[in-house]
Amino acid sequence: SADNNYIAETDPNGFFEIKRVRPASYRVSASAGGLSGSMLIDMRGSRDADVVIPLLPGLELTGRVIFEGQAAAQSLPNVGISLRLDPFVPGSPTFSAPMKPDGSFTLPVQPTAPRPAAAGPAVVSAIPSGDYRVFVGSILQPTLLPGQTRPAPPAALRNMYVKSIRLGDSDVLNEGLHLRAQPNDGLQIVVGNNPGSLEGRVVDASGQPMSCVWVAALPDNGLRFPIDHKYAATSASGQFRIEGLPPGDYS
């Protein structure tokens, strides 16, 4: 173990054992050849854990983005779709693909040009099985890491929000994407264009306005921690306005 990372090899029957694991939550990952798999375990409440990690070939995810009130996606700036592990592990790969003019996308990106025979077979980095979050360009973005800055979104996308993400019957927007096998359905992302706004005023105990106070709107759903939140600072009169809020419940 180094920095709470534990490594073990399996015996001929696929069994492994890791001893003296510190109480914490962990992601257990395994790979053999072109197969891989991972899962989350919580070691805080019991001394022992018995896990079974299915090893699967890399997966492919297709889908479509539907823009409400838009006749065609090609009239909008290009939007990228990305996947990253949930909970996020710094240094782990993020799988990204651009949206095509008809709104469709395929993750991971497939090579578009034929490779010369001398270059050998094309290698596509497939998606390992695991738990992921789906992000949509500048419309639905992950929480920034320390030191990162975010460019302003294109004007045409500023009043848009992700209304739903579904894979068959699964609510991927709030519950995350749990890939355990090659999906039979495509990912459907619906983008709305009529968000709300919140106005208010911050005062102290005596009723006097408080300036330069940051006010944040935190969604009371599965997006509470994975995404950047809306916030604004109060003016000299204590007033604030937060725009672009998707419908929902907030703290």
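User: Which residues line the largest cavity?

Analyst: This is a predicted model, in which local features need pLDDT of at least 70, side-chain atom pairs count only at pLDDT 80 or more, and totals for chains, interfaces and linings use all residues. Residues are numbered from 1 along each chain as its sequence is written, and side-chain values use heavy atoms, with hydrogens and water left out. A cavity is a set of points, on a 1 Å grid over the protein atoms alone, where a 1.4 Å probe fits but cannot get out, and a lining residue has an atom within 4 Å of a point. For the largest cavity, the lining is R133, V134, F135, L140, I165, V172, L173, L223 and I227.

User: How much space lies in the largest cavity?

Analyst: A volume is the space filled by probe spheres set on the grid points, which are joined across faces, edges and corners. The count comes to 1 cavity of 30 Å³ or more. The space in the largest cavity is about 40 Å³.

User: Which element gives the largest share of the lining of the largest cavity?

Analyst: Elements are DSSP runs numbered from the N terminus: helices (H or I) have at least four residues and strands (E) at least two. Two elements, β7 and α1, each supply at least two residues of this lining. The largest share, 3 residues, comes from β7.

User: How many residues in the lining of the largest cavity are nonpolar?

Analyst: Ala, Val, Leu, Ile, Met, Phe, Trp, Tyr, Cys and Pro count as nonpolar, Asp, Glu, Lys and Arg as charged, and the others, Gly among them, as polar. The lining of the largest cavity has 1 charged residue and no polar ones. Its nonpolar residues number 8.

User: Which residue forms a salt bridge with R133?

Analyst: A salt bridge needs a side-chain nitrogen of Lys or Arg within 4 Å of a carboxyl oxygen of Asp or Glu, and the count here comes to 7. For R133, the closest N and O atoms of the bridge are 3.3 Å apart, and the partner is D86. R133 lies in strand β7 (residues 130-136) and D86 in the loop between β4 and β5 (95-98), so the bridge ties together parts 47 residues apart in sequence.

User: Is R133 buried or exposed?

Analyst: Buried means under 20% relative accessible area, exposed over 50%, and partly exposed in between (1.4 Å probe, protein chains only). R133 is at 8% relative accessibility, so R133 counts as buried.

User: How far apart in sequence are the parts tied together by E68 and K163?

Analyst: The side chains of E68 and K163 meet in a salt bridge of 3.0 Å, N to O. E68 lies in the loop between β3 (61-67) and β4 (80-85), while K163 is in strand β8 (residues 161-167), so the parts tied together are 95 residues apart.

User: Which residue forms a salt bridge with R180?

Analyst: R180 is partly exposed, at a relative accessible area of 43%. The closest N and O atoms of its bridge are 2.9 Å apart. The partner counts as buried at 7% relative accessibility, and it is D131.

User: Which backbone nitrogen does the side chain of T234 reach at 3.0 Å?

Analyst: T234 is in the loop between β14 (230-233) and β15 (239-245), and at 6% relative accessibility T234 counts as buried. A polar contact is a pair of N or O atoms within 3.5 Å; within protein, one must be able to donate a hydrogen and the other to accept it, and residues adjacent in sequence count only if both atoms are side-chain atoms. A polar atom of the T234 side chain lies 2.9 Å from the backbone nitrogen of V213. The backbone nitrogen at 3.0 Å is that of C212.

User: Which element gives the most to the lining of the largest pocket?

Analyst: A pocket is an open set of points with protein on both sides within 12 Å along at least five of seven lines. The largest pocket holds about 1,300 Å³ of space and is lined by 39 residues, with F16, I18, V28, V51 and I53 nearest its centre. Both β1 (25-32) and β2 (35-42) supply at least two lining residues. The element that gives the most, with 8 residues, is β1.

User: Which residues lie nearest the centre of the second largest pocket?

Analyst: About 1,000 Å³ of space lies in this pocket. Its lining has 21 nonpolar, 8 polar and 8 charged residues. Of the 37 residues in the lining, those nearest the centre are I139, D228, H229, K230 and G244.
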